[in-house]
Amino acid sequence: MSRIIYVNGSYRPYADALVHAEDRGFQFADSVYEVIEILGGKLVDATRHLVRLERSLGELGIRTPMGRASLQLVIREVIRRNRVRDGVVYLQVTRGEGPRDFAFPDDEVEPTLVVLARSQQREKNNALAAVGIAVKTMPDRRWGRSDIKTVMLLPACLAKDAAKQDGAREAWFVDSEGYITEGASSNAWIVTRDRVLVTRQLDHRILGGVTRATALDVAREYQMKVEQRAFTRAEALDAEEAFITSATNTVMPVVRIDGQPVGNGKPGIVSQRLRSQFHQCAEISAL
Ligand code: PMP
């Protein structure tokens with residue numbers, strides 16, 4: 001079965017799914033995106049993702065390509081055509097195409113919309129969560145508006161690759177004051193020795209993760225103590241548990257930071273409980 005991508009109004013096989021060479025997404029990373037989990041053929045937390053997409057577009061003054069209901073129809077059609085049961089749907093919206101000029105085009109251009117869906121093996125991710133992952137800390141060299149989900153991901157790619165070279169799955173960024181901001185493609189959390197969940201407060205330095213928001217709902221449901229504040233690398237190394245959250249991982253235990261074990265070096269019970277209860281609290285929408 002050949003995979004199908006939606007590009008600007010049509011569903012095409014991969015080889016024919018083209019975006020213009022002077023698209024501002026390609027030229028300037030003038031573009032935003034979303035990744036939504038697909039679980040058993042259903043969308044996880046679609047509303048929160050689509051609200052965030054609208055916010056990202058609004059912050060950059062990129063036109064909305066279509067209303068939320070129409071976008072949902074496109075997403076559903078892409079998932080259906082690619083027969084994805086478990087995986088992710090990826091959406092990208094760019095400002096559109098125009099002669100290469102840093103300033104925005106004077107004329108109203110049509111935004112470019114790309115939607116694709118990909119299967120992912122749930123068992124693989126569960127197997128990884130059973131042992132946990134390693135993370136590597138490094139300076140946060142991204143721009144000052146990491147709260148907008150742009151495709152300007154080169155610093156994140158460099159960080160992830162450096163982590164990979166060191167045998168780690170994720171990079172944890174550290175700001176100029178020594179506080180962890182977030183992961184290269186996830187939010188960062190610790191559980192202190194007195195069982196308090198800590199994750200950085202929402203500000204311009206981090207993306208407001210949808211999985212982060214739903215994990216906070218789970219924590220509330222189970223009356224876990226939560227503090228939304230910055231934490232240092234030293235505090236993380238001293239923590240009982242650590243984990244990351246993202247749509248592709250849900251809750252993924254972190255068992256090593258810069259080569260040093262977190263807690264007893266195994267996935268902790270708080271992280272495991274958040275992971276096992278996650279989809280109970282998330283919005284699951286039928287297609
Ligand atoms: N922070 C960054 C920098 C990310 O790229 C991501 C995932 N795209 C996240 C956090 C997690 O966001 P979400 O839970 O919405 O996937």
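Predicted model: local features only at pLDDT ≥ 70, side-chain atom pairs only at ≥ 80, totals over all residues.
**Salt bridges and the domain interface**

Arg55, Glu59, Arg145 and Asp147 are linked in a network of salt bridges.

Glu59 and Arg145 form a salt bridge, with 2.8 Å between the closest N and O atoms. Glu59 sits in helix H2, while Arg145 is in the loop between strand E7 (133-139) and helix H5 (154-165), so the pair ties together parts that are 86 residues apart in sequence.

Now the domains. The assignment gives domain 1 (4-119) and domain 2 (125-285). Their centres, taken over C-alpha atoms, are 26 Å apart. Domain 1 puts 24 residues into the contact and domain 2 puts in 25.

How much area do domain 1 and domain 2 bury between them? About 2,100 Å², of which 56% is on carbon and sulfur atoms. On the domain 1 side, Tyr33, Arg48 and Arg52 lose the most area to domain 2, and together they make up 28% of what that side buries.

On to the polar part of the interface. Between the two domains there are 14 residue pairs in polar contact, both residues at pLDDT 80 or more. The salt bridges across the interface number three. Arg48 also pairs with Asp217 in a salt bridge, the closest N and O atoms being 3.0 Å apart.

Which elements supply the domain 1 side? Strand E3 (31-39), strand E4 (42-44), helix H2 (46-60) and strand E5 (87-94) each give at least two residues. H2 gives the most, with nine residues. By class, this side has 11 nonpolar, five polar and eight charged residues.

Back to the structure as a whole, which holds 25 salt bridges. Among them is Asp166 with Lys136, at 3.0 Å from N to O. Asp166 counts as exposed because its relative accessibility is 52%, and Lys136 is partly exposed at 22%.

Last, a residue in strand E9 (residues 179-183), Gly183. Gly183 counts as buried, because its relative accessibility is 1%. Leaving out residues up to four places away in sequence, Gly183 touches Glu170, Ala171, Trp172, Phe173 and Ala188.

Notes
Residues numbered from 1 in each chain as written. Heavy atoms only, no water. Helix = DSSP H or I, 4+ residues; strand = E, 2+ residues; numbered from the N terminus. Buried < 20%, exposed > 50% of the residue type's maximum accessible area, 1.4 Å probe, protein only. Contact = heavy atoms within 4.5 Å. Domains from an automatic or database assignment. Buried area = accessible area lost by both parts, 1.4 Å probe. Salt bridge = Lys/Arg side-chain N within 4 Å of Asp/Glu carboxyl O. Polar contact = N/O pair within 3.5 Å; in protein donor to acceptor, adjacent residues only side chain to side chain. Nonpolar A, V, L, I, M, F, W, Y, C, P; charged D, E, K, R; others polar.
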